[in-house]
Amino acid sequence: PWKYTAAWMGKARCQMKLNPPRYNESLADYKGILDAALKDVDWTELYYNMAECLYKRGDHQGAIDHLLQALKENPDHFDSHLALAHIFDEEKHISSAVNRYESALRTAPKGYNTENINKRIIALQGQLKANERETVVK
C-alpha cells in the first residue's frame, strides 16, 4: 500500500466521513504515510487532514502544530489559515485569530464568499478595542 499514496489518503478521508467517523484510524493511516516519507505525497493536504482529525478529537494544540506545518509546505493554503483562525477564535486568542482571518482573506480562492470572514474580523477588532479601552480606564 505504500506506493499507492493517493488511494491510501482517499481511504483515510473516507474514514473521517463515516458515521461515526474513525479519526483514530485516519490518523494512523496519515502517520503511516508520513513515516514512509514518500515523494509523491501532497504534504499540505496530509498535514491539514491530520490537523482536522486532531481537532475533532479535541487536541487543539496538535491541530495547530499540524496546520502550521501545512502552511510551511504551502504558505497560501486557504483552508489552513481559516482553520487556524477558527481555533484561535474559539480559544479567545483574538489578535491571532484576526491575523489568520486576514491571511485567509488574502489567500481565498476566486469566487469564495468572504462576507462571513469580514464580519468576524470586524467583530473581533471591536472586542480588541473594547479590551484596550477597559485597560486604559482601570
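Mentor: In this predicted model, helix α2 (residues 23-36) packs against α3 at an angle of about 150°, and their axes are 10 Å apart.

Trainee: Why are α2 and α3 called roughly antiparallel to each other?

Mentor: The angle between their axes is about 150°, and the term applies to angles over 145 degrees, so α2 and α3 count as roughly antiparallel. As for handedness, α2 passes α3 in a left-handed crossing.

Trainee: Which residues make the contact between α2 and α3?

Mentor: From α2 come Tyr23, Ser26, Leu27, Tyr30, Lys31, Ile33 and Leu34, while α3 contributes Trp43, Leu46, Tyr47, Asn49, Met50, Cys53, Leu54 and Lys56. By class, the residues of this contact divide into eleven nonpolar, two polar and two charged.

Trainee: What makes α3 and α4 roughly antiparallel to each other?

Mentor: The axes of α3 and helix α4 (residues 60-73) cross at roughly 170° and come within 8 Å; since the cut-off is an angle over 145 degrees, α3 and α4 are therefore roughly antiparallel. The crossing of α3 and α4 is left-handed.

Trainee: Which residues of α3 meet which residues of α4?

Mentor: On the α3 side they are Trp43, Thr44, Tyr47, Tyr48, Met50, Ala51, Leu54 and Tyr55, and on the α4 side they are His60, Gly62, Ala63, His66, Leu67, Gln69, Ala70 and Glu73. The residues of this contact divide into ten nonpolar, five polar and one charged.

Trainee: How many aromatic pairs does the structure hold?

Mentor: The structure holds two aromatic pairs. In one of them, the ring centres of tryptophan 43 and tyrosine 47 lie 6.3 Å apart, with the planes at 35°.

Trainee: What makes the aromatic pair of phenylalanine 78 and tyrosine 112 edge-to-face?

Mentor: The angle between their planes is 65°, with 4.7 Å from centre to centre; planes over 60 degrees apart within the 6.5 Å limit count as edge-to-face. This pair links distant parts of the chain, 34 residues apart, with phenylalanine 78 in helix α5 (residues 78-90) and tyrosine 112 in the loop between α6 (94-107) and α7 (115-137). Phenylalanine 78, at 8% relative accessible area, is buried, while tyrosine 112, at 38%, counts as partly exposed.

Trainee: Why is lysine 92 called exposed?

Mentor: Its relative accessibility is 63%, and the cut-off is over 50%, so lysine 92 counts as exposed. Lysine 92 lies in the loop between α5 and α6, and its phi is near 65°, a positive value in a residue other than glycine.

Trainee: How many helices and strands are there in the protein?

Mentor: There are seven helices and zero strands, and of the 138 residues of the protein, 38% count as buried.

How values were computed. Residues are numbered from 1 along each chain as its sequence is written. This is a predicted model: local features need pLDDT of at least 70, side-chain atom pairs count only at pLDDT 80 or more; totals for chains, interfaces and linings use all residues. Side-chain values use heavy atoms; hydrogens and water are left out. Rings of Phe, Tyr and Trp (its six-membered ring) pair if their centres lie within 6.5 Å; planes under 30 degrees apart count as stacked, over 60 as edge-to-face and the rest as tilted. Helices (H or I, at least four residues) and strands (E, at least two) are DSSP runs, numbered from the N terminus. Buried means under 20% relative accessible area, exposed over 50%, partly exposed in between (1.4 Å probe, protein chains only). Axes are lines fitted to C-alpha atoms, for helices over the stretch in contact, and angles run from 0 to 180 degrees between N-to-C directions. Angles under 35 degrees count as roughly parallel, over 145 as roughly antiparallel, 65 to 115 as roughly perpendicular and the rest as oblique. A crossing is left-handed if the near helix is turned anticlockwise from the far one by less than a right angle, and right-handed if clockwise. Contact means heavy atoms within 4.5 Å. Ala, Val, Leu, Ile, Met, Phe, Trp, Tyr, Cys and Pro count as nonpolar, Asp, Glu, Lys and Arg as charged, and the others, Gly among them, as polar.
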